[in-house]
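Dear colleague,

I am handing over the structure below, together with some notes on what was found in it. Please look through it before reading on.

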Amino acid sequence: MSCTAVVERRLRAAGLRVTVQRLAVGEALLHAADHRTAEEVQARLQAESAQPVSLATVYRTLHTLVEHRVVGHLDRGRGSAVYEWLDEQHPHHHALCVDCGAEVEIAPRLLERLERAVKAESRFTPFLDHLAIIGRCAACEAAARSQ
């Protein structure tokens with residue numbers, strides 16, 4: 001299945017109209033090996049098209065895609081927000097170090113237990129398709145203890 005077809009299918013499944021901007025932003029994120037800032041998405045779109053793409057359009061499109069859980073938004077702190085295409089079949093989660101910025105993936109099975117516990121305890125259904133836990137990596141924690 002082509003990249004455009006994958007994005008189009010997800011947009012329709014999310015109940016969204018398929019627009020040129022949504023397709024372009026979706027494809028830019030689907031092709032990305034990791035998270036991208038809105039500015040990086042805009043730069044990729046600018047490089048691939050003769051048409052100028054405003055940063056405001058990119059942000060509006062990302063906001064819509066995040067609201068419909070097609071794209072994940074991750075605030076890394078200090079004003080550094082990044083986005084990624086969410087894979088429905090293979091969700092992944094992150095632990096982010098506040099000191100060095102290291103990122104570690106968290107096994108989905110751990111959050112499946114959290115989801116069940118939250119549902120049982122609070123009768124609330126969390127959306128855990130993209131989650132970041134902020135803390136310290138082992139190296140930074142050791143350095144902080146030795147100070």
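How much space lies in the second largest pocket? About 200 Å³ of space lies there. The model is a predicted one, in which local features need pLDDT of at least 70 and side-chain atom pairs count only at pLDDT 80 or more, while totals for chains, interfaces and linings use all residues. Residues are numbered from 1 along each chain as its sequence is written, and side-chain values use heavy atoms, with hydrogens and water left out.

A pocket here is an open set of points on a 1 Å grid over the protein atoms alone, where a 1.4 Å probe fits, with protein on both sides within 12 Å along at least five of seven lines, and its lining residues have an atom within 4 Å of a point. A volume is the space filled by probe spheres set on the points, which are joined across faces, edges and corners.

The second largest pocket is lined by 14 residues, and A32, A33, E84, W85 and H92 are the closest to its centre. At least two lining residues come from each of α2, β2 (81–85) and β4 (103–106), where helices (H or I, at least four residues) and strands (E, at least two) are DSSP runs numbered from the N terminus. By class, this lining has six nonpolar, three polar and five charged residues, with Ala, Val, Leu, Ile, Met, Phe, Trp, Tyr, Cys and Pro counted as nonpolar, Asp, Glu, Lys and Arg as charged, and the others, Gly among them, as polar.

The largest pocket has a volume of about 270 Å³, and of its 13 lining residues V20, Q21, A24, S49 and V53 lie nearest the centre. Helix α2 gives the largest share of this lining, five residues, and the lining divides into six nonpolar, five polar and two charged residues.

As for the protein as a whole, six helices and five strands are present, and 32% of the 147 residues are buried (under 20% relative accessible area, with a 1.4 Å probe and protein chains only).

With best regards

Conventions: Buried means under 20% relative accessible area, exposed over 50%, partly exposed in between (1.4 Å probe, protein chains only).
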